[in-house]
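Me: Could we go through the strands of this one together, slowly?

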Amino acid sequence: MKIEDLFIYPIKSARAQNVKDMKITTEGPEGDRQWMLVDENGRFLSQRSLPKIATIEVFQDDASLTIGFQKMFFKISKNNSFKRKITVQVWNDSFEAALEPDLYSQGISQYLGVNCKLVRYAPFSHRRVRSLQEETWKPEVRFADARPLLLVNTKSLEDLNSRLAEPVGMDRFRPNIIFQGQTAFEEDGWNRIRIGEVTFSQPKRSARCVMITIDQVTGEKKGPEPLKTLSTYRKEGAGVFFGTLWIPENEGLIQKTDSLEVLG
């Protein structure tokens, strides 16, 4: 099965960056959710409460992260002394992150209309993947909601769009890897896969929320869809599922020219 596209999200909930190849680290795609916005109490901010975050443009290269909004751009060097520490919270996880210079936080705060701080997942940051019982294997995840990587199937989106009056793009689901499947939601039954140099396992279905109703270009809520329709046939208990979350077993490179191989 062919890989169609690769994306990273340097700042949690901000705009995606399309990449031709993706270095996978033990914490997930390199640079993915490396930065995050938090409120004055250190709790993470996302499109759930601030849809406008979707309009913050980002681009990272080997040297820096570029952030842009309202014709304003600034660069944050990847060289950092990491001396300023702050305790942050992502859902029920509390851990330490590095606080970026106040000037950047002030600019973003003014744009969003709320007081916020820009933080970075630092060498001293440690956040374990929750719900994993194996004590001998202790994978980490940066600022992503649950697990390091989200995989989505083009056939699943086609299935959903066939039920909608107005089709939506894959960007609503903010995947890291998009692959051309054979049937919709077939990935629900997989336990182990290989893409390029990397093997992934310990999958978990991705529960979706109000974020998929937000236009990722304008940062505006577009009504109840596609969450409303998705919930009519992909709901189990309190969750509405689309895509699968994975943990890498090793580090390596993934490219757009790679294929996905199901191992079990």
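**Sheets and their edges**

Reply: Two strands join S3 to S4 through two bridges, and S3 and S4 run antiparallel. Strands here are DSSP runs of E with at least two residues, numbered from the N terminus, and two strands pair if DSSP finds at least two bridges between them.

Me: Before more, what kind of model is this?
Reply: It is a predicted model, in which local features need pLDDT of at least 70 and side-chain atom pairs count only at pLDDT 80 or more, while totals for chains, interfaces and linings use all residues. Residues are numbered from 1 along each chain as its sequence is written, and side-chain values use heavy atoms, with hydrogens and water left out.

Me: OK, which residue stands opposite Gly 28 in S4?
Reply: That is Thr 25.

Me: And how many bridges link S3 and S18?
Reply: Strand S3, residues 21-25, pairs with S18 in the antiparallel sense over four bridges, and Met 22 has Ile 254 in S18 as its bridge partner.

Me: So what order do the strands take in that open sheet?
Reply: The order of this three-strand sheet is S4-S3-S18, with antiparallel pairing, and the edge strands, S4 (28-29) and S18, each pair on one side only.

Me: New topic: what's the order in the open sheet of four strands?
Reply: The order there is S5-S11-S10-S9, again with antiparallel pairing. Strands S5 (35-38) and S9 (85-90) stand at the edges with a single partner strand each, so one side of each is left without a neighbour in the sheet.

Me: Which residue of S11 is the bridge partner of Ala 98?
Reply: Ala 98 has Arg 120 as its bridge partner in S11.
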